[in-house]
Amino acid sequence: MIAPTRLQIIGSTPARSLLTFTAGILIATGLFLAVQGGWIYAKAALAQVLLERAFAASVISGAPEKPWSWADTWPVARIEVPRLGVSAIALKGASGQALAFGPGHLDNTSQAGEEGTAVYAAHRDTHFAFLKDIRENDRIRITRRDGRTFTFRVTSMAVARWDEAEIDPDAHGVHLVLTTCFPFDAVTSGLLRYLVYADLEETMAK
Amino acid sequence: MSATPNFSSRQKRQNFLTRFGLLLGFSNAILLPVLAVIFALLHPLESRAQPAASVTPNEMGTGSLLLQTKEDGNYIEAPRLATDVDLDVNGPTARAVLTQAFENATDKWVEALYVFPLPEDSAVYSLKMIVGNRVIVAEIKEKQAARAIYEKARREGKKASLIEQQRPNIFTNAVANIGPHEKIVVQIEYQQSVRLSDGRFSLRVPLVVAPRYTPQDTSPITQQANLKAGWGKTKQGPSRKGSDQAIPAPLMALGGDRTNPVTLKVNLNAGFPLDAVKSLYHAVKIDKVSNTGHRVALSGYAIADRDFVLEWSAVASNMPSVGLFREHVGQDDYVLAYVMPPAVATPQKAGREVVLVIDNSGSMGGTSIEQARASLDYALSRLEPNDRFNVIRFDNTMTKLFSDSVMATAENIGSARRFVIGLEAAGGTEMLPPLQAALDDSHQANGLRQVVFLTDGEVSNEQQLLDAIAKSRGRSRIFMVGIGSAPNTYLMSRAAELGRGSFTHIGSVAEVNERMRALFNKLENPAVTDVAAAFSEKNVSLSPNLLPDIYHGEPLVLAARMGKAAGTLTVSGKIGDRPWTISLPLDQASNAKGVSKIWARRQIDDAEVNLTLGKTTQADADKRILQLALDHHLVTRLTSLIAVDTKRLRPTNAPLTRADIPLQLPAGWDYNKLLRIDAIRDAKAEGKHQQTADKWQGADGDAELDPISTQAQASVALPQTATPGILLILQGLLALLCGASLLVFASRRSQA
């Protein structure tokens with residue numbers, strides 16, 4: 001007896017169309033957000049294809065090659081972890097724009113294979129998601145734009161605040177640090193960074 | 001009828017319930033997505049709030065003394081340090097003798113690393129180390145070789161001191177193997193130029209003594225003082241680990257006021273009649289020796305957390321005052337001339353053409369674009385009605401606001417301002433087309449043309465840009481304004497040099513007004529343009545290659561090397577429309593020390609410029625710089641000063657100059673006095689010190705020191721590396737779910 005009465009009231013036309021309208025907006029917003037989120041991953045994956053191409057070209061030409069004409073940055077190195085079978089092309093600089101496309105080589109750090117500490121940063125959920133699987137003594141291979149390849153061995157891992165990471169860019173010896181946000185499965189961005197420290201193992205001229 | 005009230009009350013209750021239900025539904029349906037959107041929008045803001053800030057050399061205001069030990073959590077206090085600065089100002093240059101006494105107050109062997117900033121054009125040329133009663137004079141060596149010698153000496157337990165250039169304005173002095181309770185005195189000599197701004201000369205001495213015992217990455221080294229068994233070995237821990245946080249080690253000195261003693265005196269010989277001399281931040285005693293010479297000394301000890309700044313000014317005159325100095329070194333004479341532009345009482349303001357170029361590419365996002373907009377707005381506000389101007393904005397596309405420069409009418413300026421306010425940062429950076437557009441000067445013929453270029457300089461084709469400037473600069477003067485915390489200073493300073501303008505760096509929004517005001521004051525008052533210099537003698541090597549305009553209150557400084565300082569130097573130019581020349585008889589130059597070093601330092605800069613211009617190869621430029629540095633005993637990016645005490649063990653490969661010349665200790669200095677510079681240590685620190693000392697008893701032989709970190713306080717700031725991707729997808733799915741269920745709910749209702 002109660003149900004029909006209520007239905008009659010709720011089912012009035014303005015309320016129903018309002019409901020449908022709200023539902024429409026909700027769905028549109030949802031779609032927009034989901035696509036926007038998906039686009040981040042699509043961009044990260046797509047860009048790597050273009051970067052791979054530009055990197056191969058710049059290894060041959062020996063000059064920086066922009067992956068696309070309006071890019072603010074260009075590929076500087078390939079980072080590989082053979083044990084995990086992952087590879088990513090790193091870009092010059094670690095601006096938010098560069099990081100959307102690939103790992104970034106921090107501007108004020110040395111080149112991989114040179115005296116000092118080379119630091120690469122990338123997003124934890126795209127290019128550097130593999131960092132959580134890295135173990136001590138893993139090999140990290142860096143191929144530079146000049147075609148030279150350096151193999152680093154992971155010495156330790158650490159978690160530190162973004163501004164308190166113990167990285168000495170001018171340290172003696174040849175070092176490498178890969179860094180990404182921590183924790184890996186967090187949804188919001190935070191202050192912590194995960195750091196993988198590695199030291200040079202061998203040099204292989206191409 | 002009795003049912004009626006019943007029914008109506010039930011209906012009312014019903015009504016209320018449904019309304020409440022609807023309210024809940026709507027609040028869920030509308031508020032949640034709105035919250036989600038707000039949350040999503042907040043994310044970029046949040047990540048922007050922690051930018052990858054990096055410490056630039058300029059930000060390092062004071063010198064720092066760092067210490068090395070290598071054990072986890074090991075604490076060692078920094079050696080005490082006493083500093084004396086003796087400055088000799090002669091005309092436009094100041095030669096400083098910096099004497100520092102390092103004292104190790106601990107029972108262990110330590111290594112001290114002293115990081116000190118100097119002005120970018122400073123030349124470090126001498127290092128002497130005094131150990132006991134011996135003086136060791138440093139040699140200038142190629143950087144790698146010097147470093148190797150130092151490392152070797154350090155491993156072997158010999159005292160050594162090494163001065164390296166880290167950046168053009170950051171030097172380090174490392175002193176190895178300071179024994180327990182030992183003192184080492186190090187004397188560094190450097191030369192710097194006197195600055196001129198707003199008609200005031202100023203000399204800044206970074207007061208080197210506020211040692212910031214940096215909490216980050218101190219990774220100190222210590223060794224056990226067991227000499228028979230070689231050096232004590234420290235326990236090898238991983239030296240760079242997140243967990244290995246060094247302990248902040250405050251050293252309380254002199255009754256806890258945290259100052260290490262600094263004494264400072266300046267022998268000021270300005271080269272012109274002095275108007276007023278004053279110290280900005282420190283109490284000083286000033287003795288007037290003559291019209292042009294003053295003696296300035298700190299009264300008592302300096303407060304070490306502030307730079308010492310001395311300012312003086314000349315009595316204004318109507319004709320340019322000139323200075324002429326020379327030095328004879330080896331076979332050659334070196335001449336330094338400086339010419340002050342005339343102080344024109346009422347500068348007749350001729351109309352200028354000003355082209356403002358703004359970079360609105362994506363890399364300028366955040367505060368950079370705000371700074372750029374504010375700078376540009378200020379620039380527009382400073383235009384005079386008889387000026388002409390244009391605004392060009394660029395990312396990977398470009399827009400010229402007006403097809404050609406227009407008169408600075410209120411209307412034109414208004415539309416330019418609106419244009420600037422509407423700029424958003426997006427897109428890539430293509431700097432060449434706007435640069436060419438800005439330099440395109442096909443429509444106007446003469447007068448002053450100034451291009452103000454605001455950018456962060458994040459480009460890869462620097463060479464192309466510099467080539468473009470060199471090729472088509474014409475009469476245009478290029479003023480680079482670097483925006484943001486880390487602009488490409490290399491590109492900007494080179495571009496400004498080639499464009500005969502200047503480079504201004506704006507690091508924070510707060511600086512915009514001050515810096516832009518200074519720049520535009522300068523731009524509005526060019527004193528002398530089209531400057532040229534000619535020598536009557538032949539075979540003169542002149543620096544700089546490219547003579548800049550002289551602006552009001554700034555001198556033109558020329559350095560030259562010539563066989564014999566004779567004949568005349570003629571400097572010509574134009575003041576407004578009037579030609580201006582001045583002849584300087586070179587044989588009347590007065591002798592001054594350091595002229596050759598100014599010349600060498602400038603030649604090194606010129607070599608870098610030529611390298612930039614592609615006129616020389618990297619190898620040639622390096623060779624030239626190395627030669628100049630070795631000839632003139634300068635610390636550069638390729639050379640370092642190294643002194644090793646050879647008494648204990650003589651290294652076979654390190655030829656050292658042993659000299660018995662007495663080191664001239666500053667007046668009032670003696671070891672006994674230095675000894676009494678007692679530091680009152682923090683009780684807590686002392687406790688830690690004790691603890692680690694205990695731990696040390698267990699250390700074994702075999703010494704291997706950890707390398708020094710030269711920049712311990714400038715740890716790398718890491719960028720934000722989380723994408724909002726998952727969050728966005730989750731929010732999106734949630735909203736979809738809500739929407740879908742609402743839709744289902746609504747359609748069910750309408751069916752029923």
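Okay, so two strands count as paired here if DSSP finds at least two bridges between them. Helices (H or I, at least four residues) and strands (E, at least two) are DSSP runs, numbered from the N terminus.

One caution: this is a predicted model, where local features need pLDDT of at least 70, side-chain atom pairs count only at pLDDT 80 or more, and totals for chains, interfaces and linings use all residues. Residues are numbered from 1 along each chain as its sequence is written, while chains are lettered from A and ligands numbered from 1 in the order in which they are written.

Let's start with a hairpin in chain B. Strands β31 (568-575) and β32 (578-585) of chain B run antiparallel, joined over eight bridges. Across that pair, T570(B) faces S583(B). Two residues sit between the strands, and G576(B) in this hairpin has a positive phi near 60°.

Next, the sheet. Five strands of chain B make an open, mixed sheet, in the order β28-β30-β19-β18-β33. β28 and β33 of chain B are the edges, each with a single partner strand, so one side of each has no neighbour in the sheet. β28(B) pairs antiparallel with β30(B) over three bridges, and S543(B) stands opposite A559(B) there.

Last, a helix. Which residues of α10(B) are buried (20 or more other C-beta atoms within 10 Å of their own, with C-beta atoms placed from the backbone)? They are A621(B), I625(B), L628(B), A629(B) and H632(B). Those residues lie on the same side of α10(B), because they cover an arc of only 95° around the axis, taken from the directions from the helix axis to the C-beta atoms.

Notes:
Buried ≥ 20, exposed ≤ 12 C-beta atoms within 10 Å, placed from the backbone.
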